[in-house]
Amino acid sequence: MAEREQVTRTSLAWLLVAQAIILLPHSVHAPLWLWAGWLCVVVWRWQIFRGAWSFPSLWVRLGLMAGFGGGLVMSYGARFDMTAMVGLLLAGFILKLLELRRRRDLLVTVYLGYFVSATQFLFHSGPLAGVYGVLSLLLLTATLLAAHQSLGNVRFWPSIRQAGWLVLQATPLMLILFLVIPRTGALWSVPQDRRAATTGISDSMSPGDIGELAQSNALAFRVTFDGEAPSPRDRYWRGLVFSYFDGRQWQPTERQRATHFMSWREDDVRQWMNQVDPLGEPVAYEVMLEPTRQPWLYALAAPVSWSDDIGVGQEMRLQRDDPVMQRTAYRVQSHTRYGFQRSGLSEWERRQELQLPRDSNPETRATARQWARDARSPSELIERLMGLYRERFRYTLRPQTLGQHSVDEFLWQTQEGFCEHFASSFVFFLRAAGIPARVVVGYLGATHNPLEDYWTVRQRDAHAWAEVWLEGEGWVRFDPTGAVAPERIEQGLDVSLSATDGDMLQRPFGADLPFVMQLQLRWDALNYEWHRWVLGYDQGRQDAFLEDWLGGADLWRIALAVVLTGASLVSVLLLWMFWRQRPHYRYPADRQLARLERKLRRMGCPRRRGEPLTALARRLGRQKADLEPALIRIADLYERVSYGDNRAALTDLARAVTAFRGARTTPETPHA
């Protein structure tokens, strides 16, 4: 095999290091046996390089392919989703090591590595993933450089330094392309795994669901307000409305499920907007929602305008066509003071909001009917019920387990629970009294990050409350949790629970250390800015950027910007290369000596190799007498600067060289 086709030890070592780094982020979803297989392949590959083992035969390769394929089927089943396809790609990347016979095989493996390194962004999208991607790029580029080194010039560490320099040169052009190239979808399309675990509000609510979710500190979404943030009592982030109750679980009715497909038609939006009566000034904000694998979005009530890719439902519900499978940003404008459906409810809406399961919770039904007869108005009945919560109930994450008649047991026996217990019993009681009511789930509250002036909503902020329809007022929000634990509304979950319940909450590392919390705030702010300006750089943001900097998003403007920027970068690079190739002088006086030698060459009397300046002066003086004094002076100044360490004479030397003039002389005839 020719030397240029051989796989060098340095290139193989770099490839193994790069492969380990590229595979590491996939350990969170790839099966563990894949790592064991990689270690076996690495050992085999190294033994081949040492000459101890031979390359696997065709039958062995087929067996390895069958083994890896069978392992993938056992790990992922027969589903054809993103995770399974990435696992298949990783298996091919690993097995390719056993086919490295020539340099071209190594190059194919490296090119495949570039593609595999990009797949980590399907699972990780934070700033650390970006840094890790650059590291993978450096290692693969170092492998390419090492692959083109001759066997007699094998260098390990210089490869990474040169690779870093190449990546640094490409960075400005990469940034320009990122900013101006039109936003498109991914270069490949793989079905998403919709069966993966989901954290967040679901499309049903049973006793204990919200309480369990509140124990998680996972991020739900971030919010940036255009102006001042609304008061804590107005930070109800509306998600879903539940109007059907089967005796234990709340969920949407069939009609509500049918309208989960949102409408973008102007007539439908106008019809819905006509039912909203905005009051006061609107609140404008941007929400950056974490992946929920659910189609609905969260917003303050009542939304009156929103991003173009969002649809609207009949109950102030914002939603997308497809589930939110990746971090999504959208803008909303809401009126926290509003009236909704003041004109009245249709017959089917009234039946829907008064529905109760037959023969369930008889004690609550009887009590509600009695209180309704005693009350002079629905508002008086609601105030009496709120007083019951305020006087007798306890807010806790550890309520007693409820049986078949869950509302009866909660209201008249256990009298302790979390927000879903209060919202559920409140709505059931009012329905039993003949007052339309429904359950709303979403989030309550937000935590301010002063470093970048945005607000963070976490799963622990999950909440359930009630809406009641009152004559002349429409749908009005009531939160019975506020009657039991008013500090939950104003100050958040932490201060509303007992010390025992507080121990159940998931707290961030170093929550009691101000320095650690400050670092976490800075890290969270960095993540927020990364997702907002890098991952959130969508078509809308790009159009605004191009309009500001190029005057429009026309193709010719983009092409011209790319060409001019590329030409500027190439010019800067060429200038830098010329600058690097300039002569380097050990002593300051040598620069002036070089200037003198250039003048002498133009005169036709170049200085001979090793010739002293005084000898040069006498030689040229024989041809032209007026040159000798000037050269003698230059020689004297040069010696004083170089050997006498007379720095002051350097200026005189530069002036003498500048003043040196002479006509072109006839070169001396060398002696025979």
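The report below takes the cavities and then the helix.

This is a predicted model, in which local features need pLDDT of at least 70 and side-chain atom pairs count only at pLDDT 80 or more, while totals for chains, interfaces and linings use all residues. Residues are numbered from 1 along each chain as its sequence is written, and side-chain values use heavy atoms, with hydrogens and water left out.

A search of the whole structure finds four cavities of 30 Å³ or more (a cavity is a set of points on a 1 Å grid over the protein atoms alone where a 1.4 Å probe fits but cannot get out, and lining residues have an atom within 4 Å of a point).

| Cavity | Volume | Main contributor to the lining |
|---|---|---|
| Largest | about 110 Å³ | α15, four residues |

Of the 13 residues lining the largest cavity, Pro207, Ser406, Glu420, His421 and Ser424 are the closest to its centre. The elements that give two or more residues to this lining are α14 (406-414) and α15 (419-432) (helices are DSSP runs of H or I with at least four residues). By class, the lining of the largest cavity has six nonpolar, five polar and two charged residues.

The second largest cavity is lined by Leu23, His26, Ala30, Leu34, Trp35, Trp38, Leu90 and Ile94, which divide into seven nonpolar, one polar and no charged.

In helix α23 (residues 613-623), the buried residues are Leu613, Leu616, Ala617, Arg619, Leu620 and Gly621 (buried means under 20% relative accessible area with a 1.4 Å probe, protein chains only). Their cover includes α22 (588-603) and α24 (627-642).

Terms used. Buried means under 20% relative accessible area, exposed over 50%, partly exposed in between (1.4 Å probe, protein chains only). Contact means heavy atoms within 4.5 Å. On a 1 Å grid over the protein atoms alone, a cavity is a set of points where a 1.4 Å probe fits but cannot get out, and a pocket is an open set with protein on both sides within 12 Å along at least five of seven lines; lining residues have an atom within 4 Å of a point. Grid points are joined across faces, edges and corners, and a volume is the space filled by probe spheres set on the points. Ala, Val, Leu, Ile, Met, Phe, Trp, Tyr, Cys and Pro count as nonpolar, Asp, Glu, Lys and Arg as charged, and the others, Gly among them, as polar.
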